[in-house]
Amino acid sequence: MNTMELNRPLTPATVSRSDVEEFLFLEADLIDTWQLPAWLELFTEDGVYYVPSTDVDADASPDNNLFYVADDHFRLGERVKRLMKRTAHAEFPRSRLRHLVSNVRVTGRSEDELRVSCAFITYRSKDGITDSYVGTGLYRLAVRDGQLRIKEKRSILSSDGLRPQGRVSFIL
């Protein structure tokens with residue numbers, strides 16, 4: 001797997017914004033190149049991936065709100081397996097993706113995790129059409145075995161809805 005190699009001990013207290021940026025750039029590259037099994041390895045064993053619907057608060061819970069995606073680690077693994085198969089009709093042939101990540105900020109830090117926000121735009125080209133998905137990424141990152149890992153990824157779309165795109169069949 002492509003992992004970040006750092007030349008110093010990594011703890012939540014020693015992680016810099018630059019370290020976080022490199023990690024988010026790695027994540028984007030793994031998704032864009034459809035290395036989804038390697039992308040899944042970026043998550044902790046209890047990691048979750050959320051894409052709430054555009055009409056709920058950013059901190060809403062998937063327990064009592066509609067989410068486009070609300071995957072625990074098991075479901076996320078199943079999503080990755082499905083997307084990697086030729087029988088994933090919504091993504092075969094695979095979309096061409098390009099994730100751009102900017103405005104990375106470490107917004108909180110505790111002894112076991114970091115809270116991070118960023119702006120993103122994801123371009124998806126398929127069947128001669130290119131759609132844009134713009135939003136905010138909210139992360140809870142942990143350090144496991146000296147490496148950054150995702151405990152929670154929440155992709156908050158900035159649009160009023162999924163029109164004209166209509167669906168999210170790939171990883172934001």
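**Tyr-49.** I began with Tyr-49, which counts as buried because its relative accessibility is 0%. Buried here means under 20% relative accessible area, exposed means over 50%, and partly exposed is in between (1.4 Å probe, protein chains only).

**Ground rules.** I am reading a predicted model, where local features need pLDDT of at least 70, side-chain atom pairs count only at pLDDT 80 or more, and totals for chains, interfaces and linings use all residues. Residues are numbered from 1 along each chain as its sequence is written, and side-chain values use heavy atoms, with hydrogens and water left out.

**Aromatic rings.** Next I searched the whole structure for aromatic pairs and got 3. Rings of Phe, Tyr and Trp (its six-membered ring) pair if their centres lie within 6.5 Å; planes under 30 degrees apart count as stacked, over 60 as edge-to-face and the rest as tilted. Trp-39 and Phe-43 make an edge-to-face pair, with 5.0 Å centre to centre and 80° between the planes. Both of these residues, Trp-39 and Phe-43, are buried. Trp-39 also pairs edge-to-face with Tyr-49, at 5.9 Å centre to centre and 85° between the planes. That pair links distant parts of the chain: Trp-39 sits in helix α2 (residues 36-40) and Tyr-49 in strand β1, 10 residues apart. I noted that ring pairs join Trp-39, Phe-43 and Tyr-49 into a cluster.

**The sheet.** Then I traced the strands. Helices (H or I, at least four residues) and strands (E, at least two) are DSSP runs, numbered from the N terminus, and two strands pair if DSSP finds at least two bridges between them. I found an open sheet of 6 strands in the order β2-β1-β6-β5-β4-β3, with mixed pairing. Its edge strands, β2 (67-71) and β3 (96-109), each pair on one side only. Strand β1 (residues 43-52) runs antiparallel to β2, and 4 bridges join the two. In β2, Val-69 is the bridge partner of Val-51.

**Helix on the sheet.** Helix α1 (residues 17-32) packs on the sheet and touches β3, β4 (114-126), β5 (129-144) and β6 (147-157). Contact means heavy atoms within 4.5 Å. The direction of α1 makes about 155° with that of β3; axes are lines fitted to C-alpha atoms, for helices over the stretch in contact, and angles run from 0 to 180 degrees between N-to-C directions.

**Positive phi.** Last, I looked at two loop residues. Trp-34 is not a glycine, yet has a positive phi of about 55°; Trp-34 lies in the loop between α1 and α2. Asp-127, not a glycine either, has a positive phi of about 55° and is found in the loop between β4 and β5. Buried or exposed, I asked of Asp-127? Asp-127 is exposed, because its relative accessible area is 65%.
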